[in-house]
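Hi,

Here is the structure I promised to pass on to you.

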Amino acid sequence: AILDKTDDIIRWSMAPELPGALELGSLLQKKGILASIGHTDAIYEETTDAFHAGFTHVTHLYSCMSTITRQNAYRYAGALEAAYMLDDMSVEIIADGVHLPKSLLQYVCKFKKKDKIALCTDSMRGAGMPDGEYLLGSLDKGQVVIVEDGVAKLPDRSAFAGSVATADRLVRTMVELAEIPLVDAIQMITLNPARILHIDDRKGTLETGKDADIVIFDEQIKVKVTIVNGNVVYNAI
């Protein structure tokens, strides 16, 4: 019913172990909408079934995601392990240096091909704002969260609540903390997301005929100029 009401949906994240999820994944794939695995308790086998049903991507790897569990003495691999084992499955990471520490950022880069990794901010409205309280979600019925230490948290500080990262911060984190080449970090935040969303015919690289969306930054990866469709919308030079 939702899909019949709009053509504006480009991706849909869901837990593939829930009833009806695999059927919805197949439908999304037919409609050209990215079906992504997220907020899931799926075991390995359920994740691989989802991949074959059209789920080709993983939403914010490690966040709200199953790993190895033990049930009645037997061990089961989870969605995390499946994401690494499925070579053609792409993943995204909140590379703010908080959601994933250096060790996990490097682990992802070691065991997933660089063209299957996308950087995502997962930011809420507190991004770019001072520390304090903000609403996550609806302005009327949203969840109050606390922004501190470079991340958003639930009021009791028991879990993260979205992110306040900006794209330039993700690139700096990957270069300075994860210690990967700058060109690889740029690919992870430009071409790779464009390919994952199947819009790389017009986004993701600087080529004739593509949209002129360009960011110019300095040696510290501080944004100096932002160009959208050929128009300068920000200039700090």
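**A loop residue to start with**

His60 sits in the loop between strand E3 (55–58) and strand E4 (69–71). Helices and strands here are DSSP runs (H or I of at least four residues for helices, E of at least two for strands), numbered from the N terminus. Before going on, please keep in mind that this is a predicted model, where local features need pLDDT of at least 70 and side-chain atom pairs count only at pLDDT 80 or more, while totals for chains, interfaces and linings use all residues. Residues are numbered from 1 along each chain as its sequence is written, and side-chain values use heavy atoms, with hydrogens and water left out.

Back to His60: its phi is near 25°, a positive value in a residue other than glycine. Most residues other than glycine have a negative phi. Is His60 buried or exposed? His60 is buried, with a relative accessible area of 6%. Buried means under 20% relative accessible area, exposed means over 50%, and partly exposed is in between (1.4 Å probe, protein chains only).

Arg157 also has a positive phi, of about 60°, although it is not a glycine. You will find Arg157 in the loop between strand E10 (151–153) and H6. Arg157 is partly exposed, at 46% relative accessible area.

**The hairpins**

Two strands count as paired if DSSP finds at least two bridges between them. Phe217 has Val223 in E12 as its bridge partner. E11 and E12 make a hairpin with 5 residues between them, and Ile221 in the turn has a positive phi of about 60°.

E12 is also joined by 4 bridges to strand E13 (residues 231–235), and these two run antiparallel. Here Thr226 stands opposite Tyr234 in E13. The hairpin of E12 and E13 has 2 residues between the strands, and Asn229 in that hairpin takes a positive phi near 50°.

**The cores**

Which residues touch the most other members of the largest nonpolar core? They are Leu61, Ile93 and Met174, in a core of 37 residues. Helix H4 (residues 79–85) gives the most to this core, with 5 residues. A nonpolar core is a set of buried Ala, Val, Leu, Ile, Met, Phe, Trp, Tyr and Cys residues joined through side-chain atoms within 4.5 Å.

Leaving aside neighbours within four places in sequence, Met174 is in contact (heavy atoms within 4.5 Å) with residues including Ile93, Leu105, Cys109, Glu179 and Met188. There is also a second, separate core of 7 residues, and Met124, Val147, Ala152 and Ala161 are among them.

**Charged pairs**

Side chains of opposite charge can pair when their charged atoms come close. A salt bridge here is a side-chain nitrogen of Lys or Arg within 4 Å of a carboxyl oxygen of Asp or Glu. By that rule the count is 12 salt bridges.

One of them joins Glu179 and Lys102, at 3.3 Å from N to O. Glu179 lies in the loop between helix H6 (167–176) and helix H7 (182–189), and Lys102 is in helix H5 (residues 102–111), so the pair ties together parts that are 77 residues apart in sequence. Glu179 is exposed at 52% relative accessibility, while Lys102 is partly exposed at 33%.

Lys153 and Asp149 also meet in a salt bridge, 2.9 Å from N to O. Lys153 is buried at 12% relative accessible area, whereas Asp149 is exposed at 58%.

**The cysteines**

How many disulfides does a search of the whole structure find? It finds 0. A disulfide is a pair of cysteine sulfur atoms within 2.5 Å. Cys64 is in no disulfide, and the nearest cysteine sulfur, that of Cys120, is 12 Å away. Cys64 is partly exposed, with a relative accessible area of 48%. As for Cys109, the closest cysteine sulfur is in Cys120 and lies 14 Å from its own, too far for a bond. Cys109 is partly exposed too, at 23% relative accessibility.

Happy exploring!
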